[in-house]
Amino acid sequence: MAVNHEVAASVKLTRTDRLAARIWKSRLDYAFLIPGLLVFGAFIFWPMIASFYYSALNWTGFGENAEFVGLANYRELLQDEFFYAAFRRSFAFMLATVPLQMILGLILAIVLNNKLLRLSTLFRAMIFLPVVSPVAVIAIVMVLMLSPFNGPINGFLLDAHLVDRAVDFLGSPQIALWTLAGIFVWKWTGITLIYWLAALQTVPAELYEAAKLDDVKTRQVIWHIVLPMIAPFAVVIGLISAIAALNVFPLIQATTQGGPFFSTEVMEVYIFRTAFAPASGQFPRLGYASAAGVLFGLSIMVLTIFQAIAVRRTRRKEAEDV
Amino acid sequence: MSGVTLRNVKKNFGSVEVIRDVDITIEEGEFCVFVGPSGCGKSTLLRMIAGLEETTSGTIEIGGRIVNDLNPSQRGTAMVFQTYALYPHMTVERNMGFGLLMNGVSKSLVKEKVAKAARILQIEKLLDRKPKQLSGGQRQRVAIGRAIVRDPEVFLFDEPLSNLDAELRVATRLEIAKLHSQLRGATMVYVTHDQVEAMTLADKIVVLRDGRVEQVGAPMDLYNNPANVFVAGFIGSPKMNFVDVNHGQLPDGRVLRLDGPNAASVATIGFRSDSLKPADQGNGMISAKVSVVERLGDAEYVHFQTPWEQELVARFPPEAEVGLDATFEFELSGKIHFFDANGRALANVMLASGAVAKPV
């Protein structure tokens, strides 16, 4: 037995040695990683860990009056109807935007993937322009465009007699969230388009040619050849879009700040409000907001796990198809 | 009535002329091979016949109809792609029948046609598989099957064997030859860069270079009577030997006596590996030193270097046991080819017997 232990120890030793040697051999690579790791640690990893800790505090976020309360914040959250409403809105927003964005992106991608289409690069650039424009700029422009007083969109709708009186797109609680969903889709369809275009590149040109020789109509080619071949990508693109659709804080903060009457208060806006900008007369509650953040983060993590599984399946399927 | 005729066919990609004034006539039922080095335009020409590339000018006729403005599907052609172009998510059966099904042909008729093609190609057992479950050779058969099912007047093959390994390539080559005799009357146009494929399969070979037709003819025609240095060098394996001469004088000063009215224009003489016969020391036309020996079993190809550092190859019997660095004297016998300064073949030239003079 003793011998075995020694052998095991020596094996372990050589293994560690080898690892150390390998790290030392690649020391320059590791050195280059350090700045990135520091930034990642300071701005992503540390806040994530810290928010778990904060979520157990009753703390304004200022001063040293933090009080450890255990799971009290979580218990309170589960009674908070604003929390539930925000949670629901976040996922409703996601369910409204993702399918729209994906179908729109797919249609545009199929059209723009046609090499014979003149100016397709120009169209691609145009559709991609909102993606690269800052959210704040888009928000300001959209607020002006959609204004019920002198916005050109209402001007058009009134002139065309499509509505009797100006629609307050961002100011009426019934439609504000859906207006924002529309703006969001308009801004981000370009990126979905790029994903789909990438997926379409996996369909070899010869397949279109073979279909052409077989007198298969374009619509049949899309339905019977292209869509089945790119379907595996839908899962990945869908999940990427879904996670992106839960990430709408800048757009909402720059347009409605969660209003009117909390009708656009999605999870992130709720967290922001409780943490930093409560109604007058209330104290900010960083601990409580952290708890909400943790719950929301965990639910996104579940989505991400689905995504990881789906990506792996797609890869495996692709590997089999080759 | 389903031959293919190309008249003054040209193709430009932007300002680049890739096909220059090509005239080719392919008879009905003929197996015609377009051969040439990469970039010669052979695939482009095939794709123009298929209708996958537009023709810049000139006319393409299939079965007596001008098809320039017809869609690919209306031309009566079927194409087998180098990459097979099978639909990866469909079974073999559906791959073969897909085109017909999409065009409203009844399911039972499609099934019948697919079964018939599968029988011809002996892939009946593979009908339920997907392409990824097939070997390269099997995929190739399915691709050919998809063409057969369409019942085309003209089969177009775009380098169909180049993705197969050497052994399978030889086997599939034979299959395609058999298929041609089986599908009597079907015109086949076949593109390859491999002159062995061209020689073994073709009724007619079209040798292309830089978008031009260099020569058209039956395989042995091209082998025996190449029209120019390019064709002479391209057809036949190993490559033909070429030696530059100036009024019969070789670079080392020996003089070959050439007879005939065109003898004075000869700038290059060409001869195949089996035309080099060892001669007694001092009596040869060419002397050369062994540099590499390739043993193929049934023959030895011995590569030589001449005193003026040119490579020549000679065929020796298998038991020859030629040693490296040995020096040989050769005389030329059999078919000798003569070319002028522009590389064109010259007729009416002969090598006079006992035709060598010592260096002056």
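Reader: Leaving aside its neighbours within four places in sequence, which residues is Thr264(A) in contact with?

Author: Keep in mind that this is a predicted model. Beyond its sequence neighbours, Thr264(A) touches Arg89(A), Ala176(A), Leu177(A), Leu180(A), Ile252(A), Thr256(A), Gly258(A), Gly259(A) and Val269(A).

Reader: Where does Thr264(A) lie in chain A, and is Thr264(A) buried or exposed?

Author: Thr264(A) is in the loop between helix H11 (249-255) and helix H12 (267-276) of chain A. Buried means under 20% relative accessible area. Thr264(A) counts as buried because its relative accessibility is 0%.

Reader: Which residues have the most contacts inside the largest nonpolar core?

Author: A core of this kind is a set of buried residues joined through side-chain atoms within 4.5 Å. The largest one here has 98 residues, and those with the most contacts inside it are Ile225(A), Ile230(A), Tyr270(A), Leu6(B), Phe34(B) and Leu45(B). Apart from that core lies another, of 45 residues, including Val35(B), Ala117(B), Leu201(B) and Ala202(B).

Reader: What is Ile230(A) in contact with, leaving aside its neighbours within four places in sequence?

Author: The contacts of Ile230(A) are Leu106(A), Trp196(A), Ala199(A), Leu200(A), Thr202(A) and Val203(A).

Reader: What can be said of chain B as a whole, starting with its secondary structure?

Author: Chain B has 8 helices and 20 strands. Its C-alpha trace spans about 80 × 45 × 35 Å along the principal axes. Of its 360 residues, 51% count as buried. Among contacts in chain B with a separation of 6 or more, 66% come from residues 24 or more positions apart.

Reader: What about the surface and charges of chain B?

Author: Chain B exposes about 16,300 Å², with 47% of that supplied by carbon and sulfur atoms. Chain B carries 40 positive and 43 negative side chains, and the centres of the two sets are 8 Å apart.

Conventions. Residues are numbered from 1 along each chain as its sequence is written. Chains are lettered from A and ligands numbered from 1 in the order in which they are written. This is a predicted model: local features need pLDDT of at least 70, side-chain atom pairs count only at pLDDT 80 or more; totals for chains, interfaces and linings use all residues. Side-chain values use heavy atoms; hydrogens and water are left out. Buried means under 20% relative accessible area, exposed over 50%, partly exposed in between (1.4 Å probe, protein chains only). Contact means heavy atoms within 4.5 Å. Helices (H or I, at least four residues) and strands (E, at least two) are DSSP runs, numbered from the N terminus. Accessible areas come from the Shrake-Rupley method with a 1.4 Å probe; for residues, only the protein chains shown count as cover. Lys and Arg count as positive and Asp and Glu as negative; His and the chain ends are not counted. The place of a charge is taken as NZ of Lys, CZ of Arg, CG of Asp or CD of Glu.
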